[in-house]
Amino acid sequence: MSDTTPVIVAGARTAVGTAFKGTLRDTTAMELAEVVVTEVVARAGLPVDQIDDVILAESNYGGGDMARHAAVVAGLTHVPGQAVNRHCAGSLTAIGNAAAQIKAGAERAIIAGGTQSTSTSPMQAFREPGTTEFAQKWMPPTHPDTPEAPNMDMSITVGWNTANALGLSREELDDWALRSHQRAVAAIDSGAFTDEIVPVEALQSDGSRVTFDVDEHPRRDTTAERLAGLKVLHPEIDGFTITAGNSSGMNDAAAAVMVVSRELADDSGLRALAEVKAWASTAVDPANTGLAVLDVIPKVCDRAGVAISDVDLWEINEAFASVPVAACRKLGIDESIVNTLGSGCSIGHPVAASGARMVISLMNELRRRGGGTAVAAMCAGGGQAGAVVIEVPKN
């Protein structure tokens, strides 16, 4: 009987750039996707004729199918491509979809991940009903706009609503953000990300190209005093605690993994780096978006057959610091094993790529620690959440 257990045999990501003013500001999402898909194919070492599909998340990029675009550039002309959009949780969904197809025996090798260029995302033209002109700049929303859950202001819909629901203080959020930067800088300095990052030859505004291979968003000069001195984003709201400092950045990056059946890995002599144990998505009222991780984490752990207390490492994306703080408080998760290499507040949040970036970093950190189980979880626009459980056999 064939073994269709989904395992990851390769993973790669670009370094994360700061949108609009960073090194990747003139590099498109398509180009970022091409880099990581090509690299994952090379790292896996699987003959290209055995690759069945490419599934890439994208967000606010105007449609199209960047997965197919990247496949063609990578020389996979026989491989179809599938675009996924679950906003922040998009690349977790892509990995889950790939694992599901492999588990079902429908496919045997799929590249899955996501790509995000906030710097170059197109602004669409929208025709206001009752007019004939496509003149209004517009971004497709994730949910209906309401005062309690604005669809274009996540600092309220996610950050503040989460903090307010649990009574989280400004100090708690700033403390988490400070630790995130400290951990990310330590990870960079120790070389923890070196092997997972594929360099990008990034075009600059003067026409030159530079090699970009180090996350540029973490701030070495971040201190508690600097964070405390930042103005809140909505001073008109009494008690508002959300600042730019305890929020994620706006960023550019791409990340992808190759998921194959264990049988194919064994037959092809590929090393299984991690097993994809479970995947899940949930949704709540959009006003409770940041709390959606409280539903998806128990759901995915139950599917994986692991207790929350048995998980060795977590990444709960810091779309806003209030999200992981809330998850740790409500679910009893040990903060010391959450976001040990930094997360959204420090590394940044390249929306469609963040989930795959989290899985790759967790996988590599588990391997450095001798194995174990990790969970990547995040909320997503419109009240959604996604999560993936991976396992690296213990030494």
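Are Asp174 and Arg170 buried or exposed? I looked this up first, and both are buried (under 20% relative accessible area; exposed is over 50%, partly exposed lies in between, with a 1.4 Å probe and protein chains only).

Notes on the source. I am working from a predicted model, where local features need pLDDT of at least 70, side-chain atom pairs count only at pLDDT 80 or more, and totals for chains, interfaces and linings use all residues. Residues are numbered from 1 along each chain as its sequence is written, and side-chain values use heavy atoms, with hydrogens and water left out.

Entry on the fold. I counted ten helices and 14 strands in the protein chain; these are DSSP runs numbered from the N terminus, helices being H or I of at least four residues and strands E of at least two. The radius of gyration is 20 Å, close to the 21 Å from the globule rule for 395 residues, so the chain is as compact as a globular protein of that length. I note that this radius is taken over C-alpha atoms and that the rule is 2.2 Å times the number of residues to the power 0.38. The C-alpha atoms fill a box of roughly 60 × 55 × 40 Å along the principal axes. Buried residues make up 57% of the 395.

Entry on salt bridges. I used a side-chain nitrogen of Lys or Arg within 4 Å of a carboxyl oxygen of Asp or Glu, and the count came to 17 salt bridges.

Arg13 and Glu196 form one of them, at 2.8 Å from N to O. Arg13 lies in strand β1 (residues 6–13) and Glu196 in the loop between α5 (170–190) and β8 (200–203), so the pair ties together parts that are 183 residues apart in sequence. Arg13 is buried at 0% relative accessibility, and Glu196 is buried at 1%.

I then returned to Asp174 and Arg170, whose closest N and O atoms are 2.8 Å apart in a salt bridge. They sit four residues apart in helix α5, which means a separation of about one helical turn.

Next I looked up Arg179, which forms a salt bridge with Glu335, the closest N and O atoms being 3.2 Å apart. Arg179 is in helix α5 and Glu335 in the loop between α9 (322–331) and α10 (354–368), so this pair ties together parts that are 156 residues apart in sequence. Arg179 is partly exposed, with a relative accessible area of 24%, and Glu335 is partly exposed at 34%.

Last, I recorded a network of salt bridges that links Asp3, Arg262 and Glu275.
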